[in-house]
Amino acid sequence: LTSKRVEEGQVGIRCRFCAHRSYPERAGRSSSYPSSKSRIYQSLTMMLRDHFVKCNDMPPETKEIFLDLKTKSRQGLTDSKAYWVESATRLGLVDTDVGLKFARKEPSTSMQQGRPN
């Protein structure tokens, strides 16, 4: 598995519990930079499967709830690819050659002329 260089402005997913730690101090798969909206669900499911169970910074009560829910939920409820693509689109994420980024909002015509809307 090869890693690509992360570009400025590229959108990623990171564990909120260990984000403050340096990379070597975090459990594996603590962050991911999906290459497209259609890969978000895969990145998240890998994090759910591989990272959260090993994350030492997740509070014990949160980990207990997570593990309990993990045994009770059906796979289809947590990894619907269409849900993640639609949600990313609503947030303004777009696929680019270097991965996900927020869509650049073009200034309105009146702003381009130096006047506010």
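Is Cys 15 buried or exposed, and what is its relative accessibility? At 1% relative accessibility, Cys 15 counts as buried, where buried means under 20% relative accessible area, exposed means over 50% and partly exposed lies in between, with a 1.4 Å probe and protein chains only. The structure is a predicted model, in which local features need pLDDT of at least 70 and side-chain atom pairs count only at pLDDT 80 or more, whereas totals for chains, interfaces and linings use all residues. Residues are numbered from 1 along each chain as its sequence is written, and side-chain values use heavy atoms, with hydrogens and water left out.

The chain has 5 helices and 4 strands, which are DSSP runs numbered from the N terminus, helices being H or I with at least four residues and strands E with at least two. Read from the N terminus on, the order of these elements is β-β-α-α-α-α-β-β-α. Of the 117 residues of the chain, 26% count as buried. Among the contacts in the chain with a separation of 6 or more, 50% are made by residues 24 or more positions apart, a contact being heavy atoms within 4.5 Å.

With regard to the cysteines, the structure holds 0 disulfides, a disulfide being defined as a pair of cysteine sulfur atoms within 2.5 Å. Cys 15 is in no disulfide, and the nearest cysteine sulfur, that of Cys 18, is 3.8 Å away. Cys 55 is likewise in no disulfide, and for this residue the nearest cysteine sulfur is that of Cys 15, at 3.9 Å. Cys 55 is buried, with a relative accessible area of 1%.

The side chain of a charged residue was examined next. Lys 37 is placed in the loop between β2 (31-32) and α1 (40-51). Lys 37 is buried yet has no salt bridge, and the nearest side chain of opposite charge, that of Asp 95, is 5.3 Å away; a salt bridge requires a side-chain nitrogen of Lys or Arg within 4 Å of a carboxyl oxygen of Asp or Glu. In the counting of charge, Lys and Arg are positive and Asp and Glu negative, while His and the chain ends are not counted. The side chains of Lys 37 and Thr 89 are joined by a polar contact of 3.0 Å, that is, a pair of N or O atoms within 3.5 Å, of which, within protein, one must be able to donate a hydrogen and the other to accept it, and residues adjacent in sequence count only if both atoms are side-chain atoms. When residues up to four places away in sequence are not counted, Lys 37 touches Val 85, Ala 88, Thr 89, Leu 93, Asp 95 and Leu 100.

The structure also holds 2 aromatic pairs, for which rings of Phe, Tyr and Trp (its six-membered ring) must have centres within 6.5 Å, with planes under 30 degrees apart counted as stacked, over 60 as edge-to-face and the rest as tilted. Phe 52 and Phe 66 form an edge-to-face pair, at 5.6 Å centre to centre and with 75° between the planes. Because Phe 52 lies in the loop between α1 and α2 (60-72) and Phe 66 in helix α2, this pair ties together parts that are 14 residues apart in sequence. Phe 52 counts as buried at 13% relative accessibility, and Phe 66 counts as buried at 15%. Tyr 83 and Trp 84 form an edge-to-face pair, at 4.9 Å centre to centre and with 85° between the planes. Tyr 83 is partly exposed, with a relative accessible area of 47%, and Trp 84 is partly exposed, with 23%.
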